[in-house]
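This report describes the structure shown below.

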Amino acid sequence: MIELEKVAMSYGGGELLGDISLTLSPGSFHFLTGPSGAGKTTFLKLCYGALTPTAGDVRLFGTDLRAMSRDDVAMARRRIGVVHQDVQFLDHLPVADNVALPLTVSGHDRLQETENLTELLNWVGLSKRADALPAELSGGERQRAALARAVIMSPEVILADEPTGNIDWEMSQRLLQLLVELNRMGKTIMIATHDMNLIRAAKSQVQARVLRISQRRLQAAGVDL
Amino acid sequence: MKPDFNRIAAYLVGDQQADRMVPPTGFTARLTLFAAGAMAFLTVFALALSLATGRLADRWSDELARASTLRISAPMDQRAAQTEAALRLLQTTPGVASARALDEAEQRALLEPWFGPDLPLETLPIPQLIEVIESPEGFDAAGLRLRLAAEVPGAVLDDHTRWRRPLVSAADRLRLLGWVSIALIGATTAAMITMAAQAALAANAQVIAVLRLVGARDVYIAGAFVRRFTLRSLIGSAIGTVLGMIAVLLLPSAQAEAGFLTGLGFQGWHWIWPLVIPPLGGAVAFAATRHAAHRTLRELT
């Protein structure tokens with residue numbers, strides 16, 4: 001679904017990531033760890049085409065990123081749900097509209113999807129907060145809203161960048177639960193986190209592979225966890 | 001290509017959901033409205049100027065070209081005879097549709113603006129004027145002058161070209177200036193809308209980034225801005241045009257004495273022309289915003 005081949009990424013002369021090869025296959029569950037600033041967010045951005053690698057190839061759903069037009073990238077993003085680290089909402093619109101944003105921008109009729117939206121908000125436990133503005137939500141509620149927005153298009157891949165970054169353990173587990181459920185429905189999941197407890201909690205429920213970014217390289221971590 | 005009015009209408013009515021994506025901005029909206037309105041107002045006047053001078057140039061080159069004047073400056077006792085002879089001669093000249101000696105009252109009316117109403121015309125050696133109207137083919141002025149010199153020694157033919165030409169070229173130049181003004185106003189409108197759009201795009205960089213991240217295509221994102229600015233500019237231009245037309249309507253109309261200068265306003269079907277301004281203003285805003293939006297978007301991933 002998403003393939004990286006000998007990918008390198010440099011910012012202003014310094015290389016942040018190098019020689020990274022990875023294939024995300026359907027239904028897989030990956031964790032991505034590494035110290036802060038190691039390039040986890042950059043790695044995820046490469047995976048959804050927000051960055052073009054300085055070397056190597058990225059293929060989204062079989063197409064080379066470099067050969068994709070801006071519209072092609074937009075279309076690919078409708079098949080990839082992204083939970084951003086800094087959630088990224090439209091602050092002047094209520095939660096329900098923000099969650100439905102991917103539907104709106106892809107020309108779906110909101111009215112036909114009302115039931116879907118209600119169900120989804122229920123699932124992430126935000127049905128009572130549907131009319132609140134993003135600024136009025138707590139950290140955990142924002143993360144769950146971000147997850148709801150990432151999955152509303154029923155994407156094939158879900159990339160989550162520190163989804164439990166600023167929420168408590170109980171909420172983290174609930175969020176993980178949602179992601180595990182999605183994985184059981186056949187979605188490909190990739191979670192960037194440095195929360196080892198979260199990874200351990202997941203390992204008891206799904207077969208998750210753990211990747212670590214260390215010294216600009218991507219390595220399989222795993223057994224020692 | 002036939003414009004698809006349904007699509008244009010649907011575009012202007014717009015997708016309310018798409019419009020909500022970009023937070024409303026009262027202040028720039030009012031500025032855009034004002035700028036478009038002011039520019040439309042000015043365009044109405046430039047248009048009125050162009051059309052009026054165009055009319056003037058046409059009239060001068062047309063009417064005056066069709067008419068010539070024959071002046072009989074003979075001693076009083078021979079004047080009537082020479083006038084007779086000249087009229088006879090003109091009747092047999094090919095290309096002359098009609099020739100008519102002006103009567104005393106008409107000659108007095110011509111002199112009145114310069115000498116006042118109570119001019120004792122009879123006592124002055126005023127030359128007799130003959131108005132010659134050409135047929136569409138026109139006559140051979142040089143040939144006519146030769147014949148006149150032989151038969152009516154006191155006659156001088158004035159075919160007006162001498163003073164008509166500079167006036168017509170002045171009017172033409174003025175008309176050109178009017179059109180150049182309209183072009184400049186259009187370009188200024190485009191520049192102002194572009195700046196306003198760019199300010200709006202910069203202020204909403206975050207919104208644009210979010211839309212792009214959730215899979216919005218450039219057309220969709222640009223559309224939300226383009227529609228907004230097109231509508232504002234359309235409304236502003238419409239208001240400005242109406243005010244401009246009212247102002248032109250209230251201009252003092254040309255009096256009979258000044259008929260030579262023609263009124264500055266619009267005449268007849270020319271009133272249609274200013275109605276073109278609002279759609280044109282909308283089109284300019286559409287193109288300007290679209291260009292600005294796509295340029296901004298290209299810089300995003």
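Not counting residues up to four places away in sequence, Ala197(B) touches Phe225(B), Phe229(B), Ala288(B), Thr289(B), Ala292(B) and Ala293(B). A contact means that the C-beta atoms of two residues, placed from the backbone, lie within 7 Å. The model is predicted: local features need pLDDT of at least 70, side-chain atom pairs count only at pLDDT 80 or more, and totals for chains, interfaces and linings use all residues. Residues are numbered from 1 along each chain as its sequence is written, while chains are lettered from A and ligands numbered from 1 in the order in which they are written.

A residue is buried if 20 or more other C-beta atoms lie within 10 Å of its own, exposed if 12 or fewer, and partly exposed in between, with C-beta atoms placed from the backbone.

**Chain B overall**

Chain B has 301 residues, of which 32% are buried. Its secondary structure comes to 10 helices and four strands, in the order α-α-α-β-α-β-α-β-α-β-α-α-α-α from the N terminus on. Helices (H or I, at least four residues) and strands (E, at least two) are DSSP runs, numbered from the N terminus. Among contacts in chain B between residues at least 6 apart in sequence, 87% join residues at least 24 apart.

The domain assignment divides chain B into domain 1 (5-61 + 165-298) and domain 2 (74-153); such bounds come from an automatic or database domain assignment. The centres of domain 1 of chain B and domain 2 of chain B, taken over C-alpha atoms, are 53 Å apart.

In helix H8 of chain B (residues 205-213), the buried residues include Val207(B), Ile208(B), Val210(B), Leu211(B), Arg212(B) and Leu213(B). Just after H8(B), Gly215(B) takes a positive phi of about 95°.

**Strand pairing**

The four strands of an open sheet in chain B have the order S2-S3-S1-S4, with antiparallel pairing. Strand S2 (96-101) and strand S4 (155-158) of chain B are the edge strands, each pairing on one side only. On average, neighbouring strands of this sheet are turned by 20° against each other, direction ignored. Such angles run from 0 to 180 degrees between N-to-C directions, with axes being lines fitted to C-alpha atoms, for helices over the stretch in contact.

In chain A, strand S9 pairs with both S3 and S10. Two strands pair if DSSP finds at least two bridges between them.

| Strands | Direction | Bridges |
|---|---|---|
| S3(A) (residues 29-33) and S9(A) (residues 209-214) | parallel | four bridges |
| S9(A) and S10(A) (residues 217-220) | antiparallel | four bridges |
| S1(B) (residues 67-72) and S4(B) | antiparallel | four bridges |

Leu32(A) has Leu211(A) in S9(A) as its bridge partner. Leu211(A) in turn stands opposite Ala220(A) in S10(A), and Arg212(A) stands opposite Gln219(A) in S10(A). In chain B, Ile72(B) has Ala155(B) in S4(B) as its bridge partner.

**Positive phi in chain A**

The hairpin of S9(A) and S10(A) has two residues between the strands, and Gln215(A) there takes a positive phi near 50°. Gln215(A) is not a glycine; the residue is exposed, with 8 other C-beta atoms within 10 Å.

Phe61(A), also not a glycine, has a positive phi of about 50°. Phe61(A) is placed in the loop between strand S4 (55-60) and strand S5 (63-64) of chain A. Phe61(A) is partly exposed, with 15 other C-beta atoms within 10 Å.

**Interface**

Between the chains, 20 residues of chain A are in contact with 15 residues of chain B. On the side of chain A that touches chain B, helix H2 (70-77) and helix H4 (101-105) of chain A each supply at least two residues. By class, this side of chain A has 10 nonpolar, four polar and six charged residues. Here Ala, Val, Leu, Ile, Met, Phe, Trp, Tyr, Cys and Pro count as nonpolar, Asp, Glu, Lys and Arg as charged, and the others, Gly among them, as polar.
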